[in-house]
Amino acid sequence: MASRNGIVFEDFFPAMVDKLGAEGFMKELSNGFQLLVDEDRGLITFESLKRNSALLGLQEMSDDEVKCMVREGDLDGDGALNEMEFCTLMFRLSPGLMMNSTKWLVEAIISEM
């Protein structure tokens, strides 16, 4: 998947879910959130994402691209991402996860029976 600035994003999330399982994958997403969070606010802000973007290999992102990323995931309109908004955004940005989500839901339901 390529962005407008030519950065290519490879969707490794489905392989991570296969390897780690759903619970392990969610723990990794939580770890990713913690890497990007503004420690004072407990949220991912424009400033914290910009400051930590190199951890994602995205240090070349413009301010507008970073703002757009935060805006896209900000479901409650507070201008920042809480952990649930971050995880939701990561799922939405992964075509592979979206395609397999029904399969994993069915597997989870069956395993609970």
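## Side-chain contacts in a predicted model

Lys-50 and Asp-63 form a salt bridge, their closest N and O atoms being 3.0 Å apart; the term requires a side-chain nitrogen of Lys or Arg within 4 Å of a carboxyl oxygen of Asp or Glu. Because Lys-50 belongs to helix 2 (residues 46-52) and Asp-63 to helix 3 (residues 63-73), the pair ties together parts that are 13 residues apart in sequence. Helices are DSSP runs (H or I, at least four residues), numbered from the N terminus.

The model is predicted: local features need pLDDT of at least 70, side-chain atom pairs count only at pLDDT 80 or more, and totals for chains, interfaces and linings use all residues. Residues are numbered from 1 along each chain as its sequence is written, and side-chain values use heavy atoms, without hydrogens and water.

Relative accessible area (1.4 Å probe, protein chains only) defines buried as under 20%, exposed as over 50% and partly exposed as in between.

| Residue | Relative accessible area | Class |
|---|---|---|
| Lys-50 | 29% | partly exposed |
| Asp-63 | 38% | partly exposed |

Phe-33 and Phe-86 are both buried. Their rings form a tilted aromatic pair, 5.9 Å centre to centre with 55 degrees between the planes; pairing requires centres within 6.5 Å, and planes under 30 degrees apart count as stacked, over 60 as edge-to-face and the rest as tilted. Since Phe-33 lies in helix 1 and Phe-86 in helix 4, this pair ties together parts that are 53 residues apart in sequence.

Beyond its neighbours within four places in sequence, Phe-86 is in contact with residues including Leu-29, Ile-44 and Leu-81, contact being heavy atoms within 4.5 Å.

Terms used. Helix = DSSP H or I, 4+ residues; strand = E, 2+ residues; numbered from the N terminus. Phe/Tyr/Trp six-rings, centres within 6.5 Å; stacked < 30°, edge-to-face > 60°.
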